[in-house]
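Please study the structure shown below, then work through the exercises that follow.

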Amino acid sequence: MPGGRLTYEDRRRIAAWLAEGLGYAEIGRRLGRPTSTISREVAHNGASAHYLADHAQQASSHRARRRKPARPAEPATDEQPAEAVRDFVDRFATLLAATGLPRMTSRVFVCLLTADADGLTAADLVRRLRVSPASVSKSIGYLEAMELMRRQPDPGGRRERYVIDDDAWLRAWQADTSAHADIADAAQRGIEIFGAGTTAGARLGTMGRFFARLSEQMSGSALAETAVYDALTVLAALVHADRPLTRGALATALDWPRDRVTAALDAIQRQPAIADPLVLRTVGPRTYTVTTRPDRLTPAQREALDRSAAPTPRCR
């Protein structure tokens, strides 16, 4: 192709046209090449009368092999063959990428994960992954924002080293748990804005319940059995009373210390799933009641229940 290397077919045509007595300019025009390309090709591989396509092709291949530098052997890591290490990094990175972590960031993370205790420099990562410094820098920033790694000075040098701490998993877990709780709260606010009977409200309700339960399961701070029992007892008292009650009234009726009632109410507010399908509502200063979750019943279901609860007219 024009502008690329001369092919064996190009060289056969050059030899034939030279034998016919064509000049370099005409040969270049026919091949779509500069005249200088043809003149250099002939000069490197014999005069016009001695130019042979086979010889020129072999000479060109030899020069190309001679110019290509040999790739230096890569050092092994942890006494493992470099190829095996690189294959593990790529496979593990693919698994992490499937969870949502960017592909390049996953590769950098696995490299750091499998490094020695003193970590790696940016230059180390560039060399091991065979990527650009910009790619490494972007991935380091991503991991740092997620608190999955930290920087530390390179002893005896001016560079920084990147290290993964042993508690990185805990921080990542806590960050996910907090995010899940925030999503559940935001979904609940959305239900109040759009209305539980709307399509958006129903979707937000389903999503909110899912993330609330996920947050509770991941937090590692599940309520003790006694706290759950107290919370359910308070809910039962509010349902039975069928009217708002203050903390003091609950404490008196249940014959509990006030701080026990307060702890039960706080537990319900921290983990609303305890009350499902009910919702604890604050209707005044330290005054509470319960209602059904607005997303548990559709408008049609509520209407049908209201009709069934209406008194049946008597026949005269």
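**Strand pairing**

In S3, Glu160 is the bridge partner of Pro153. The model is predicted: local features need pLDDT of at least 70, side-chain atom pairs count only at pLDDT 80 or more, and totals for chains, interfaces and linings use all residues. Residues are numbered from 1 along each chain as its sequence is written, and side-chain values use heavy atoms, with hydrogens and water left out.

**Exercise 1.** Determine the order of the strands in the open sheet.

*Solution.* Strands are DSSP runs (E, at least two residues), numbered from the N terminus. Two of them pair if DSSP finds at least two bridges between them. S2 and strand S3 (residues 160-163) are joined by four bridges in the antiparallel sense. The three strands follow the order S1-S3-S2, with antiparallel pairing. Strand S1 (120-121) and strand S2 (150-153) are the edge strands, each pairing on one side only.

**Exercise 2.** Classify the one aromatic pair found in the whole structure.

*Solution.* Rings of Phe, Tyr and Trp (its six-membered ring) pair if their centres lie within 6.5 Å; planes under 30 degrees apart count as stacked, over 60 as edge-to-face and the rest as tilted. The ring centres of Phe88 and Phe92 are 5.5 Å apart and the planes stand at 70 degrees, so this pair is edge-to-face.

**Exercise 3.** State whether Phe88 is buried, partly exposed or exposed.

*Solution.* Buried means under 20% relative accessible area, exposed over 50%, and partly exposed in between (1.4 Å probe, protein chains only). Phe88 has a relative accessible area of 41%, so Phe88 is partly exposed. Phe92, at 27% relative accessibility, also counts as partly exposed.
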